[in-house]
Amino acid sequence: MLVGYSSSSEEESEAATAQNKSCSRQCREEDDGEGDCPARKKAKTEEQVPKTRLPLPGCLLTMFPEDVDSQAEDNSLHGGRIRSFKHERGNWATYVYLPYHPEEEFRELLEELLSVARAHGVAMSSQEEFHLSLSQTVVLRHHWIQPFTQSLRAGLVHCKRFVCSAGRLRVYCNAERTRTFLGMEVCTGHAQLLNLVQAVDKTMTEFRLDTFYKDPSFHVSLAWCVGDMTGQMEECIQELQSVVDEHEEGPFLLRLDGVELRCRTGNKTFRFPLEQ
């Protein structure tokens, strides 16, 4: 009886040993990538889980819309106007100017001028706003805006207020010959404007940007059209001038109060009051 029991125990022991060896071999095979060991399977599952990125907040997405560049280069959105320089994110078109706030009398006169130009085959559009430029349009990087405007403010601190006037019409065309302008040239206040340009140019030089023209024709642009229409406009400039000179209340003079300079950079406008 004891012998029989011993034999049975030995058989069970041998079976258990064989099972352990089989499991050990199976796990080794799984380590080689051929089995299905639970521990290895868990590790594989963890590796296969894709890493997902957290979505950006909506406020950041609206700050940098993907379609900004395509719209900025679409000329149909700007009345057919062509940029003087390519739009690039982070670049801000910048210029310095004196604002002009027109009265009703001026707007009536402008409509008469546009009517005469149309009669000569030139369809011009009125400016959306009126000003007298004191700088060329330059490109500022965003991180330059604050030091640039601080430099302008420091340079203009002692410039005094003044009044200038304009009354003579002239035709202008940009350097790229892509736009033609009808402007009214300044006839008084030229010296004060040159002093302002000198202060603005100092800041431009500090930031290695283009300074203003050496012999500027200070003027307020009244209207514009696409292309180089200088020839056609010159043919009717005398007739246009007669509209100004024979105004119902006498020759029209555009009065521009030099109370403050402004700097437009992108969609921001900075104001620099002149000393009283």
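User: What does the secondary structure of the protein come to?

Analyst: It comes to 9 helices and 10 strands. These are DSSP runs numbered from the N terminus, with helices being H or I of at least four residues and strands E of at least two. The model is predicted, so local features need pLDDT of at least 70 and side-chain atom pairs pLDDT 80 or more, while totals for chains, interfaces and linings use all residues. Residues are numbered from 1 along each chain as its sequence is written, and side-chain values use heavy atoms, without hydrogens or water.

User: Why is Glu185 called buried?

Analyst: Its relative accessible area is 15%. Buried means under 20%, exposed over 50%, and partly exposed in between (1.4 Å probe, protein chains only). Glu185 therefore counts as buried. In the protein, 34% of the 276 residues are buried.

User: What makes Glu185 and Arg170 a salt bridge?

Analyst: Their closest N and O atoms are 3.2 Å apart. A salt bridge needs a side-chain nitrogen of Lys or Arg within 4 Å of a carboxyl oxygen of Asp or Glu. The pair therefore qualifies. Glu185 sits in strand 6 (residues 179-188) and Arg170 in strand 5, 15 residues apart. Arg170 is partly exposed, at 31% relative accessibility. Salt bridges with shared partners join Arg168, Arg170 and Glu185 into one network.

User: How do you know that the salt bridge of Glu275 and Lys160 ties together separate parts of the sequence?

Analyst: The side chains meet at 3.1 Å, N to O. Glu275 lies in the segment after strand 10 (268-273), and Lys160 in the loop between helix 6 (145-156) and strand 5 (162-173), so the bridge ties parts 115 residues apart in sequence.

User: Why is Lys160 called exposed, and why is Glu275 called partly exposed?

Analyst: Lys160 has a relative accessible area of 52%, so it is exposed. Glu275 has 32% relative accessibility, so it counts as partly exposed.

User: What makes Arg264 and Glu129 a link between distant parts of the chain?

Analyst: Their side chains form a salt bridge (3.4 Å, N to O). Arg264 is in strand 9 and Glu129 in the loop between strand 2 (125-126) and strand 3 (130-133), 135 residues apart. Glu129 is partly exposed, at 33% relative accessibility. The whole structure has 8 salt bridges.

User: How do you know that contacts in the protein join residues at least 24 apart?

Analyst: Contact means heavy atoms within 4.5 Å. Among contacts between residues at least 6 apart in sequence, 77% join residues at least 24 apart.
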